Amino acid sequence: MVDAYIMKSPPKRSLDGAPSAYSLRARCLAGESPGTTQAPPHSPQPSSAGFHYNKDMADPLIIAGREFRSRLIVGTGKYKSFQETARALEASGADMVTVAVRRVNLDRSKESLLDYLDPKKYFLLPNTAGCYTADEAIRAARLGREVGLSDWVKLEVIGDQATLYPDVQATLEATRVLVKEGFTVLPYTSDDIVFAKRLLDAGAATVMPLGAPIGSGLGIQNAANIRILREMITGVPLVLDAGVGTASDAALAMELGADAVLMNTGIANAQDPVLMASAMKHAVIAGREAYLAGRMPRKLYATASSPLEGVVR
């Protein structure tokens with residue numbers, strides 16, 4: 001039995017962020033299922049009844065039936081050198097890393113990023129970065145599989161060069177084709193719940209909305225929409241992709257309920273990428289724990305930390 005990939009009646013949260021008695025987080029922590037409906041034909045199958053992606057910090061991140069220890073996914077572009085890339089990846093604790101198929105030397109005719117990525121240590125996720133049409137992205141995904149990288153793909157189809165916003169219609173078209181060809185598709189998309197549902201119907205293994213434009217470092221600019229996605233998407237992981245600039249952004253993404261965070265520029269363009277990678281690792285862990293713990297309600301007026309009962313007058 002799989003949990004609903006779209007909740008029929010999404011659980012409610014108060015406007016101040018505190019979960020109600022029937023919130024998704026509270027129900028999962030109590031060991032309850034958030035509800036069941038018919039899953040899409042290509043949705044990943046959980047390993048046991050009552051499974052939910054946001055159940056317990058001790059549980060690994062699970063995508064399409066595969067377990068990952070870390071909830072931080074890291075890109076491999078923009079570093080000063082391959083050696084720096086390797087050090088940053090080590091410091092991040094990530095065990096899934098993205099590789100841009102169109103920007104890496106696949107034939108190993110000269111020094112390649114792939115020489116610094118141990119496939120026994122890292123799960124390599126081919127990325128269709130730089131593709132502007134569905135056809136281009138489909139070809140890049142096929143190339144990544146043909147050269148032996150993976151039959152998984154982080155699908156990117158860019159619709160606007162200035163903002164690097166996704167072309168959601170082309171992304172949907174490419175997802176349908178690639179899923180039929182046996183790929184596990186992790187699509188970069190907008191924060192539009194309507195298209196998120198369509199991607200799931202097409203067989204996407206995750207929903208990966210942007211928090212801000214790629215490489216902007218602005219931090220999460222659409223927190224309300226991310227919260228809506230979290231409430232309504234429960235059968236596959238919700239991965240925040242793009243916009244993270246520093247560790248507090250990563251922590252906020254997890255506090256909003258994201259199952260994982262994918263980033264590249266926030267680490268690679270830091271003054272000390274290796275140290276920032278370590279900071280991002282700890283931020284993701286802290287944000288996840290805070291989400292599961294449940295923040296206190298926001299109040300307009302003060303509340304004394306010490307009780308007044310028993311005070312000597």
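Reader: If contact means having heavy atoms within 4.5 Å of each other, which residues of α2 meet which residues in α9?

Author: On the α2 side they are Glu-84, Arg-87, Ala-88, Ala-91 and Ser-92, and on the α9 side they meet Pro-273, Val-274, Ala-277, Ser-278 and Lys-281. By type, the residues of this contact divide into five nonpolar, two polar and three charged, where Ala, Val, Leu, Ile, Met, Phe, Trp, Tyr, Cys and Pro count as nonpolar, Asp, Glu, Lys and Arg as charged, and the others, Gly among them, as polar.

Reader: What should I know about the model and the numbering before we go on?

Author: This is a predicted model, in which local features need pLDDT of at least 70 and side-chain atom pairs count only at pLDDT 80 or more, while totals for chains, interfaces and linings use all residues. Residues are numbered from 1 along each chain as its sequence is written, and side-chain values use heavy atoms, with hydrogens and water left out.

Reader: And how many helices and strands are there in the protein chain?

Author: There are nine helices and ten strands, taken as DSSP runs numbered from the N terminus, with helices being H or I over at least four residues and strands being E over at least two.

Reader: Back to α2 and α9: at what angle do they cross?

Author: The axes of α2 (residues 82–92) and α9 cross at roughly 25° and come within 7 Å, each axis being a line fitted to C-alpha atoms, for helices over the stretch in contact, with angles running from 0 to 180 degrees between N-to-C directions. The two helices are therefore roughly parallel to each other, a label that applies to angles under 35 degrees, whereas over 145 is roughly antiparallel, 65 to 115 roughly perpendicular and the rest oblique.

Reader: Can we zoom in on Val-274: what is it in contact with, beyond its neighbours within four places in sequence?

Author: Val-274, which lies in helix α9, is in contact with Arg-87, Ala-88 and Ala-91 once those neighbours are set aside.

Reader: Is Val-274 buried, partly exposed or exposed?

Author: Val-274 is partly exposed, because its relative accessible area is 26%, and buried means under 20%, exposed over 50%, and partly exposed in between (1.4 Å probe, protein chains only).

Reader: Changing topic, which residues of α4 are buried, and what do they pack against?

Author: The buried residues of α4 are Val-168, Ala-170, Thr-171, Leu-172, Ala-174, Thr-175, Leu-178 and Val-179, and they pack against α3 (134–146), β6 (152–155), β7 (184–189) and α5 (193–201).

Reader: How do α4 and α5 pack, in terms of angle and distance?

Author: They pack at an angle of about 10°, with their axes 9 Å apart, and α4 and α5 are therefore roughly parallel to each other. In that contact, Val-168, Gln-169, Thr-171, Leu-172 and Thr-175 of α4 meet Phe-195, Arg-198 and Leu-199 of α5, a set that divides into four nonpolar, three polar and one charged.

Note on methods: Contact = heavy atoms within 4.5 Å.
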